[in-house]
Protein chains: 2
Amino acid sequence: MNHTGRRPSINDHDHLVYGGSDVVELARRYGTPLHVVDESALRRNYRAFLGAFRLAYREVSVFYSYKTNCVPGVLGILHEEGCGAEVVSPYELWIATRLRVPPSRIIYNGVNKSVDDLRGAIQHGVGLINVDSAGELHRLSDAAKALNRRVNVGLRIDPAVGWVAHFGLSPDVDRIAALVETAGENRLLNIRGLHAHMGSGIRDTRDYRKAVEVMARLSCKLRETSGIQIDQFDVGGGFGLPTVKTLTLRETVGYKLFNRPPPEPQVGSCPSIESFGQVITSVLRECCARYALREPRLLLEPGRAITGNAQILLVTVCEIKRRKNGTAYAITDGGMQNIAFPLSYEYHTCLLANRVGAPSTERYFVTGPLCSPEDLLYRNWKLPELREGDVLAIMDAGAYFTSFANNFSYPRPPVVTVSDGVSRLVRQRETFEQMTAVDTFPDPLSRAPGGTGLP
Amino acid sequence: MNHTGRRPSINDHDHLVYGGSDVVELARRYGTPLHVVDESALRRNYRAFLGAFRLAYREVSVFYSYKTNCVPGVLGILHEEGCGAEVVSPYELWIATRLRVPPSRIIYNGVNKSVDDLRGAIQHGVGLINVDSAGELHRLSDAAKALNRRVNVGLRIDPAVGWVAHFGLSPDVDRIAALVETAGENRLLNIRGLHAHMGSGIRDTRDYRKAVEVMARLSCKLRETSGIQIDQFDVGGGFGLPTVKTLTLRETVGYKLFNRPPPEPQVGSCPSIESFGQVITSVLRECCARYALREPRLLLEPGRAITGNAQILLVTVCEIKRRKNGTAYAITDGGMQNIAFPLSYEYHTCLLANRVGAPSTERYFVTGPLCSPEDLLYRNWKLPELREGDVLAIMDAGAYFTSFANNFSYPRPPVVTVSDGVSRLVRQRETFEQMTAVDTFPDPLSRAPGGTGLP
């Protein structure tokens with residue numbers, strides 16, 4: 001067991017077992033690169049997350065952040081458990097629809113909702129639209145009037161903690177109150193929620209505490225000025241995972257310029273979901289008491305906290321190359337720049353799946369298949385001695401790996417879910433035809449290639 | 001005209017004209033985000049490139065680097081002109097095949113060629129396979145024997161200039177000579193080429209000079225030790241474009257940590273294609289004279305130099321948001337993190353396409369539509385005053401924009417080619433169905449979503 005508290009499950013062959021399956025067998029059966037999702041872990045994570053909040057607070061709803069890992073076969077499992085959907089685009093709303101998520105279990109967020117997007121969301125009857133700006137509130141008002149449909153509205157505010165960015169309404173209570181007063185004249189806008197989202201991979205409960213305080217103050221103000229009752233506090237997502245850590249600036253410089261691998265994250269430096277739940281619900285209760293507010297429903301939009309550690313990415317070592325200066329490269333079939341982008345800014349454990357017990361005695365630059373010197377999964381990483389054919393497991397690949405995956409020279413990998421040792425392919429490896437389904441190939445008659453061949 | 005020497009073409013409406021077309025009209029017709037390819041510029045670039053080398057050297061062949069912009073509708077135009085294909089994966093070879101590129105006009109490169117990939121390339125009869133390692137040479141030897149097919153082989157060497165990475169054979173002349181002597185026993189391996197590739201966006205001719213010198217020395221050695229006649233020198237690609245520049249470390253820190261936009265690249269700091277041609281061909285001739293070598297065929301694998309400045313990416317400003325601290329955000333429908341990744345490490349000019357003549361009096365953080373504070377196309381960038389509905393043109397988007405594009409919450413953009421004012425859609429915007437063609441949606445009967453809706 002290492003610092004991250006991870007105790008990999010191993011079978012008699014010294015192979016990594018995940019979701020009850022020998023992952024080396026999975027790699028052989030489905031080929032690599034391959035995403036493997038542990039269905040039980042997924043269900044367990046959802047239940048633990050909901051439970052951590054419900055334990056201390058009555059009205060809690062959880063909406064999985066689709067953008068984190070937008071794989072229908074994974075989302076379907078979460079919806080079976082009762083999880084809602086947090087979507088930020090027409091594409092994501094379409095997926096939720098195809099997954100038959102009840103509209104009232106969908107929250108529509110995002111920074112770039114057009115009039116058409118808003119109309120679509122209203123017509124679909126989504127449970128809540130979190131408005132990002134004054135302009136958007138006007139557009140939503142117009143769209144609701146045009147459709148003559150009542151809509152549940154939340155206001156995304158910038159809680160002045162976490163991300164410094166363009167999201168939400170500036171935390172100017174008077175200005176927001178004035179805006180709400182104007183918008184409130186349209187009786188079709190049912191302004192009932194406040195929303196904040198502070199970041200990604202947050203390892204500190206204070207951000208949430210601060211956000212809840214800002215929301216409570218604003219809620220109180222809105223009751224006074226507009227008589228509006230805010231009954232939904234949406235504290236967003238961003239909950240960190242103990243085993244994954246965003247590299248600090250110092251770590252990034254050390255790693256990328258001087259090939260110094262970052263230290264493993266310390267489990268203790270990240271609050272458990274239970275702590276997040278305890279802190280957020282207690283501050284919420286305190287604030288409600290302080291401002292004499294009726295306790296609102298607590299909405300949560302986790303991504304990484306649910307899927308992050310329930311998925312791994314398997315790659316195969318295709319060749320070992322040693323340079324004269326002693327540098328050893330392990331070339332694999334899955335690259336950072338095409339399918340494992342989070343490795344460029346996050347710490348992820350790497351296990352040798354087919355000899356898990358082997359001691360880490362060597363250092364490798366683990367590369368992908370792309371023709372780019374930056375296509376490095378790991379730099380100067382401590383690993384057991386590697387051989388061609390070895391299978392590496394990149395752990396905690398369930399957040400932002402599939403989201404950022406591209407078609408740089410290769411198809412994107414398949415996804416299998418495993419449960420009690422039974423695997424199910426929920427996303428196929430792309431075929432070349434699928435990769436070019438949007439393309440028009442030149443007419444073979446009109447466009448004959450010219451030139452002469454190599455002698 | 002600015003430092004980059006760019007003189008945008010403008011019509012009476014003060015709109016940007018590209019390939020003879022009003023790009024604001026194109027944005028209206030096809031929607032944004034949208035890639036626009038100037039077909040004439042593409043043809044001109046190819047001819048100028050080939051001409052710059054042919055002017056001074058007899059035997060020259062050009063192979064477009066597919067990975068740079070793997071759009072069949074664009075590649076087809078280049079092949080019409082007689083350009084060959086440089087491919088690095090089975091997918092790219094498949095595209096060349098569908099585009100009916102004569103096999104002898106295809107070079108197969110790459111760091112990760114499996115036995116199956118090599119067999120496929122041999123069976124297809126590609127003109128040249130550039131081998132990346134000793135292990136690969138053995139695999140190729142086996143594959144050729146199994147198929148009993150003769151194959152043209154180049155050896156990729158690390159010329160010890162440019163990229164420090166895992167590519168090619170270490171530049172140890174004796175070791176390479178020994179390797180070639182062993183491999184040469186298989187008469188099916190026709191070892192006739194040397195290959196090097198030094199980087200991307202190279203703005204210095206010295207890298208190529210050095211590589212040619214290394215190749216010539218090695219060529220001479222191989223003639224002595226193995227009696228092998230190297231008759232193809234492949235100096236790779238990486239030729240810089242005057243108007244695009246990779247940010248230096250200093251510029252990156254200033255830009256990303258302190259929001260100091262990098263300076264515009266100075267056109268004069270990048271050799272013209274004519275200079276690249278002149279320097280490379282003259283050093284090649286000098287070296288051949290020095291080592292008494294018969295002048296080899298010169299192979300070139302440009303990417304950016306051909307397509308980089310023949311394509312632009314149009315995005316629409318959806319909302320302007322001003323923060324209390326004075327920061328102005330222009331939120332657009334195309335993000336850095338989904339469809340414009342090169343903006344994170346390269347300088348690209350940004351033009352206000354619908355008021356090209358307007359003076360740049362303001363500063364904006366131009367964002368994309370994603371829910372991430374890093375989804376910034378431009379930070380603190382000098383631009384004219386922007387309004388909702390404005391169309392921005394990101395210039396020189398013909399290298400690595402489409403390659404790195406992903407499906408993060410949104411479909412990838414369409415591509416139109418324009419020629420003499422006539423536009424042609426060569427890549428459609430992805431439909432949601434296409435985006436999920438690889439996915440299995442849970443069976444609606446067995447998997448009913450649970451949970452209750454928002455009140």
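**A helix pair in chain A**

Reply: Some background before we zoom in: in chain A, residues 24 or more positions apart account for 71% of the contacts with a separation of 6 or more. Keep in mind that this is a predicted model. Chain A has 14 helices along with 22 strands, and 57% of its 455 residues count as buried. Its C-alpha atoms fill a box of roughly 75 × 65 × 45 Å along the principal axes. A compact globule of 455 residues would have a radius of gyration near 23 Å, and chain A, at 24 Å, agrees with that.

Now for the pair itself. Two packed helices are described by the angle between their axes and the distance between those axes. Here the partners are helix 7, residues 173–183 of chain A, and helix 8, residues 206–226 of chain A; they pack at an angle of about 45°, and their axes are 10 Å apart. Angles of 65 to 115 degrees would be roughly perpendicular and those under 35 roughly parallel, so helix 7 and helix 8 of chain A count as oblique to each other. The crossing of helix 7 past helix 8 in chain A is right-handed.

As for who touches whom, helix 7 of chain A brings A:Val173, A:Ile176, A:Ala177, A:Val180 and A:Glu181. Facing them from helix 8 of chain A are A:Arg217, A:Leu218, A:Lys221, A:Leu222, A:Thr225 and A:Ser226.

Notes
Residues numbered from 1 in each chain as written. Chains lettered and ligands numbered in written order. Predicted model: local features only at pLDDT ≥ 70, side-chain atom pairs only at ≥ 80, totals over all residues. Helix = DSSP H or I, 4+ residues; strand = E, 2+ residues; numbered from the N terminus. Rg over C-alpha atoms; globule rule 2.2 N^0.38 Å. Buried ≥ 20, exposed ≤ 12 C-beta atoms within 10 Å, placed from the backbone. Contact = placed C-beta atoms within 7 Å. Axes fitted to C-alpha atoms, helices over the stretch in contact; angles between N-to-C directions. Parallel < 35°, antiparallel > 145°, perpendicular 65-115°, else oblique. Left-handed = near helix turned anticlockwise from the far one by under 90°.
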